[in-house]
Amino acid sequence: MFRNKSLQKVTTKNRGRTLLLERSFQTSRAALYKAYTEAELIKQWWGPHGWQLDYSTLEAVPGGTWHYCLKCVDESKDYFGKSSWGKAVFKTIEDKKIIQYEEYYSNEAGELISRMMSLLITVKFVEEKGKVKLVNEIDFKDKASLQKILNMGLVISLNEGWDKLDQLLKR
């Protein structure tokens with residue numbers, strides 16, 4: 001059993017080089033989709049506890065990009081003051097249904113850092129009995145890359161962001 005009770009809310013399946021995470025939210029599909037596609041909303045929840053979006057530009061349309069910087073603002077964490085830049089290029093956007101993008105580590109200028117991996121992420125918003133199930137499928141280039149990210153705490157980090165998202169949706 002997980003010590004972190006919020007992790008009990010996430011279903012995780014590892015399928016070769018693909019990681020599937022699911023979590024249900026007590027909200028509308030439109031509200032959850034909006035939290036993923038509007039810059040001012042995503043700034044309020046993206047990232048694990050102790051981290052915040054220090055910089056973010058978002059154009060959630062096919063071919064559009066999301067360039068962001070996560071910064072550790074928690075003085076008790078080893079990474080306090082450190083920043084992590086990322087960039088996503090949107091491939092598919094189906095209103096309130098699916099968002100698919102390729103995400104990679106970048107530098108401040110938004111240029112791909114070639115030594116780091118890129119991910120293909122598909123987010124689905126599925127209505128179910130008064131709730132919305134968020135289905136997050138992440139495709140890695142190989143099993144070793146998936147395992148490396150799992151060892152870095154990806155599931156915990158994503159879920160902490162989703163905890164913040166859940167609080168935002170309840171306001």
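Begin by selecting Trp 85, which counts as buried at 18% relative accessibility, where buried means under 20% relative accessible area, exposed over 50% and partly exposed in between, with a 1.4 Å probe and protein chains only. This is a predicted model, in which local features need pLDDT of at least 70 and side-chain atom pairs count only at pLDDT 80 or more, while totals for chains, interfaces and linings use all residues. Residues are numbered from 1 along each chain as its sequence is written, and side-chain values use heavy atoms, with hydrogens and water left out.

The ring centres of Tyr 55 and Trp 85 lie 5.3 Å apart with their planes at 50°, so the pair is tilted; rings of Phe, Tyr and Trp (its six-membered ring) pair if their centres lie within 6.5 Å, and planes under 30 degrees apart count as stacked, over 60 as edge-to-face and the rest as tilted. Because Tyr 55 lies in strand E3 and Trp 85 in strand E5 (residues 83-94), the pair ties together parts that are 30 residues apart in sequence; helices (H or I, at least four residues) and strands (E, at least two) are DSSP runs numbered from the N terminus.

The structure holds 10 aromatic pairs. For another of them, select Trp 46 and Trp 66, an edge-to-face pair at 4.8 Å centre to centre with 85° between the planes. Trp 46 lies in the loop between helix H2 (39-45) and strand E3 (51-58) and Trp 66 in strand E4 (residues 65-72), so this pair ties together parts 20 residues apart in sequence. Trp 46 is buried at 12% relative accessible area, and Trp 66 is buried at 2%.

From Tyr 36, move to Asn 136, which touches Tyr 36 and, among others, Leu 19, Ile 121, Leu 158 and Trp 162, not counting residues up to four places away in sequence; contact means heavy atoms within 4.5 Å. Asn 136 is found in strand E8 and is buried, with a relative accessible area of 4%.

Finally, display the lining of the largest pocket, whose residues divide into 23 nonpolar, 10 polar and five charged. Helix H4 (154-170) is among the elements that each supply at least two lining residues, and H4 gives the most, with seven.

Terms used:
Nonpolar A, V, L, I, M, F, W, Y, C, P; charged D, E, K, R; others polar.
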